[in-house]
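The model is predicted.

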Amino acid sequence: MEYQRIIDSHVHSDNSPDGHNSVINMCEIAVSKNLRVIAFTDHCEVDSYHKEGYDRRVRQSYFEVAKAKTAFYGSLLVLQGIELAQPHYDERLSNAILSAQKYDTVLGSLHNLRKKKDFYFIKSFEGLDITAIYNEYLDELIAMTEWGNFDILAHITYPFRYFYSVAGIDEDIGKYSKKVDELLKLTAEKDKAIEINTGGLRQKINKTSPEICIIKRFKQLGGKFVSVGSDAHYGEQIGSGISTAYNMALEAGFNSVTIFQRRVPMEIGIK
Ligand SMILES: [Zn+2]
Ligand SMILES: [Zn+2]
C-alpha cells in the first residue's frame with residue numbers, strides 16, 4: 001500500500017563522517033519524494049566525542065538544520081535531531097551535549113560495546129561468542145534506557161547486521177526473549193519510542209531492526225510509541241522502506257507513528 005504521510009525520523013547529512021549529502025540537498029530530495037517530516041540525526045559518538053571531532057560536527061549539523069527548518073517551512077517539517085551513541089558511557093558529557101541545544105529528536109543508540117570497535121568495523125567474529133556479545137549488547141541497552149535522556153530507542157538489533165554480513169550468522173532474537181522483554185518493558189514504562197529502522201532492508205541481512213515480532217511484543221508490554229527511520233546516509237535512501245515499516249506498525253497494532261518536536265511526542269496517523 002502507498003502511504004501519503006511519509007515520515008523519516010533518522011537520516012544523516014554530511015555532518016556525519018559517513019554521510020554524503022548536505023542538509024539542504026537532503027531536504028530538496030525529501031520534498032521531491034513527497035515526505036512530510038524529516039529528522040536529521042547526525043552521529044554523535046559519546047565515547048570518542050573530542051577525539052573524532054563530534055563536538056564540531058554536531059554544532060555544525062544543528063545550525064544547518066535550523067536554517068533548513070526555516071527555508072522549508074510550509075513544505076517540509078524539518079526536525080533538529082541527534083543520534084547519541086553510547087550516551088550512558090559518559091552520562092555527564094551526554095547531558096551537557098543535550099542541554100547545549102534545543103533538540104527536537106534524540107535517538108539513543110549503541111554501536112559498540114565498552115572499549116570495543118563499532119560493529120561496523122569488525123571484520124571477523126571468529127573465536128568470539130556471538131551469544132555473549134549480544135547479551136552484553138542488551139545489558140548496555142537496558143543501562144542506556146535506565147539513564148533515559150533520549151526519545152527513541154534506535155536499531156536494537158544493530159549487531160545482527162554484522163553477524164550476518166561478516167559471519168553469515170542469521171541470529172534469532174527469540175534466544176534472548178527474557179532480556180528483550182526487560183528492555184521493552186523499561187522502554188514502555190519510560191514512554192520512549194521504539195524505532196523500526198529500515199536500513200537493514202538495503203543490506204545483506206534484508207530485515208528491519210528490529211523485526212515485527214519485537215514491535216508486536218512491545219505493544220503487548222504496554223509500548224505506546226513507534227518511530228520510523230531509514231537511517232539514510234545518501235539522499236536517494238531518504239524514506240526508503242518506510243512503507244514497509246508502516247505496514248509492520250499497523251500489523252503490530254499501532255495506528256500512528258510518533259515524531260518528537262522539542263522532545264515532545266506527537267503521534268501522526270499512518271493512514
Ligand atoms: Zn546508528
Ligand atoms: Zn544512524
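## Strands 3 and 4

Ile 82 stands opposite Val 106 of strand 4. A further pair is formed by Leu 84 and Gly 108, the latter being the bridge partner in strand 4. Strand 3 (residues 77-85) and strand 4 (residues 105-109) are joined by five bridges and pair in the parallel sense. Together with helix 3 (residues 91-100), strands 3 and 4 make a β-α-β unit that is right-handed.

Strand 4 is mostly covered, with five of its five residues buried. Thr 105, Leu 107 and Ser 109 point one way from the strand, whereas Val 106 and Gly 108 point the other way; all are buried. Strand 4 also runs parallel to strand 5, with two bridges between them. Here Gly 108 has Leu 153 of strand 5 as its bridge partner.

Strand 7 runs parallel to strand 6, and five bridges join the two. Within this pairing, Ile 196 stands opposite Val 228 of strand 7. Strand 6, helix 7 and strand 7 make another β-α-β unit, described as right-handed.

## Helix 6

Helix 6 (residues 177-189) has 13 residues and reaches 18 Å from its first C-alpha to its last, close to the 18 Å expected at 1.5 Å a residue. Its buried residues include Val 180, Leu 183, Leu 184 and Thr 187. These four lie on the same side of helix 6, because they cover an arc of only 95° around the axis. In general, an α-helix has 3.6 residues a turn, so residues three or four places apart point the same way.

The cover over the buried residues of helix 6 includes helix 4 (130-147), strand 5 (152-153), strand 6 (193-197) and helix 7 (212-220). After helix 6 comes Asp 191, which has a positive phi, near 55°.

Terms used. Residues numbered from 1 in each chain as written. Chains lettered and ligands numbered in written order. Predicted model: local features only at pLDDT ≥ 70, side-chain atom pairs only at ≥ 80, totals over all residues. Expected span 1.5 Å × (residues − 1). Buried ≥ 20, exposed ≤ 12 C-beta atoms within 10 Å, placed from the backbone. Arc of directions from axis to C-beta. Contact = placed C-beta atoms within 7 Å. Pairing = 2+ DSSP bridges. Right-handed = clockwise from strand over helix to strand, strands pointing away.
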